[in-house]
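Good morning, everyone, and thank you for making the time. I would like to walk through one chain with you, so please keep the sequence and the structure in view while I talk.

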Amino acid sequence: MRSNRRSRGLEMGVLLLFSELLNVGFGVIPPVTLGAIIGQTLLFLGFIDVPWDRWDVCISAQNVWRGRDWRRLFLSAVEHADDRHLYYNMISFLSKARTLEPRYGSANFAIILAFITTLTSAFYVALGLGCANILHDSYYLQTCAIGFSGVLFALKVITTMESSQYSETRVAGIAMPSKYAPWAELILIHVLVPNASFMGHLAGILAGLTYTSTPVGALVDSLIRGITGRAIWHEWTARRYYSRY
């Protein structure tokens, strides 16, 4: 199936996104961050010609695990349902990635982003299978999602873990330790936006915690160092090291 995106034209969300990028300044946005935003925008508009429509690659446990359509693990994350979906996701990504990319280095950040994207999708499939088996409801197998918001929750966890141990943030006007913010936002978005993918957002949190709080993260960092030659230093690693002494 060929994509018919080119018939859309420039929508308001795309114009707002472009205006925001101009306000920030293209020259100060790190290259991988800028490339990811521009790439997803061009894909949404149809300037990147692909042989599928956005919903052809939506992710579900049925399509990925039972259908063995592994490409959805990555492609589903870079597709968006409409211009507002794209705008809000890319603005949120910009705020997080502008902090993380300079800290890790562009090459390292690109690999981490690809890993986190795939891991988030894998958790989404696992959650769908688990819920379907436990609740005996095929809905969790078949529900199909697209968008970058799960990855954003993973990046939110990583950004939070890189901040001070005692930092605070506000969610809906309520002050709380930053480490609880992703969970509070998960619940808040589910209440305020019932159509949002709760499983997708939860999968992102689990992916972020896997990277920051399990040996998987150290293994990934070691592999990245072997590829790029640049080590990754984390705030949470330093805290754990000094807590021992």
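Let me begin with the link between Cys58 and Cys144, which is right-handed, with 90 degrees about the S-S bond. This is a predicted model, and in it the sulfur atoms of Cys58 and Cys144 are 2.0 Å apart, forming a disulfide. Where in the chain do Cys58 and Cys144 lie? Cys58 is in the loop between helix 2 (31–45) and helix 3 (61–66), while Cys144 is in the loop between helix 7 (139–142) and helix 8 (149–162), so the pair ties together parts that are 86 residues apart in sequence. The two partners can also be described by their accessibility: Cys58 counts as buried at 7%, whereas Cys144, at 26%, counts as partly exposed.

Cys131 is itself partly exposed, with a relative accessible area of 23%.

Let me turn now to helix 6. Its 30 residues should span 44 Å at 1.5 Å a residue, and the end C-alpha atoms are 42 Å apart, which agrees with that expectation. UniProt, in an unreviewed entry, places the feature "transmembrane region" at residues 106–127 and at residues 139–158. In the model, residues 106–127 are 100% helix and 0% strand, with end C-alpha atoms 31 Å apart. Residues 139–158, for their part, are 70% helix and 0% strand, and there the end C-alpha atoms are 31 Å apart.

Within helix 6, which covers residues 106–135, I would pick out Thr120. Is Thr120 buried or exposed? Its relative accessible area is 6%, so Thr120 is buried. Setting aside neighbours within four places in sequence, Thr120 is in contact with Gly150, Val151 and Ala154, and also with Gly200, Ala203, Gly204 and Ala207.

Just after helix 6 comes His136, with a positive phi of about 55 degrees, although His136 is not a glycine. As a reminder, most residues other than glycine have a negative phi. His136 lies in the loop between helix 6 and helix 7, and it is exposed, with a relative accessible area of 72%. Arg68 is another residue other than glycine with a positive phi, near 55 degrees. Arg68 is found in the loop between helix 3 and helix 4 (72–78), and its relative accessible area of 47% makes it partly exposed.

Next, the nonpolar packing. The largest nonpolar core has 54 residues, and the members that touch the most others are Phe93, Tyr104, Phe148, Ile158 and Tyr211. Helix 6 gives the most to this core, with 10 residues. If we follow Ile158, leaving out residues up to four places away in sequence, we find that it touches Leu100, Tyr104, Ile116, Tyr211, Thr212 and Trp236. There is also a second, separate core of six residues, which includes Leu43, Trp52, Val57 and Leu75.

How are the buried residues of helix 11 arranged when seen down its axis? The residues in question are Gly217, Val220, Asp221 and Ile224, and they fall within an arc of 100 degrees, so they line one face of the helix. Pro215, Ala218, Leu219, Leu223 and Gly226, on the other side of helix 11, are exposed. The cover over the buried residues of helix 11 includes helix 6 and helix 10 (198–213). Helix 11 is then followed by Gly229, whose phi is positive, near 80 degrees.

I will finish with Met176, which belongs to strand 2 (residues 174–177). With a relative accessible area of 16%, Met176 is buried, since it is under the 20% cut-off. Beyond its neighbours within four places in sequence, Met176 is in contact with Glu168, Thr169, Val171, Ala181 and Ala184.

How values were computed
Residues are numbered from 1 along each chain as its sequence is written. This is a predicted model: local features need pLDDT of at least 70, side-chain atom pairs count only at pLDDT 80 or more; totals for chains, interfaces and linings use all residues. Side-chain values use heavy atoms; hydrogens and water are left out. Helices (H or I, at least four residues) and strands (E, at least two) are DSSP runs, numbered from the N terminus. Buried means under 20% relative accessible area, exposed over 50%, partly exposed in between (1.4 Å probe, protein chains only). Contact means heavy atoms within 4.5 Å. The arc is that of the directions from the helix axis to the C-beta atoms. UniProt positions are given in the numbering used here, feature names are shortened, and annotations may be inferred rather than shown by experiment. A nonpolar core is a set of buried Ala, Val, Leu, Ile, Met, Phe, Trp, Tyr and Cys residues joined through side-chain atoms within 4.5 Å. A disulfide is a pair of cysteine sulfur atoms within 2.5 Å. The expected span of a helix is 1.5 Å times one less than its number of residues.
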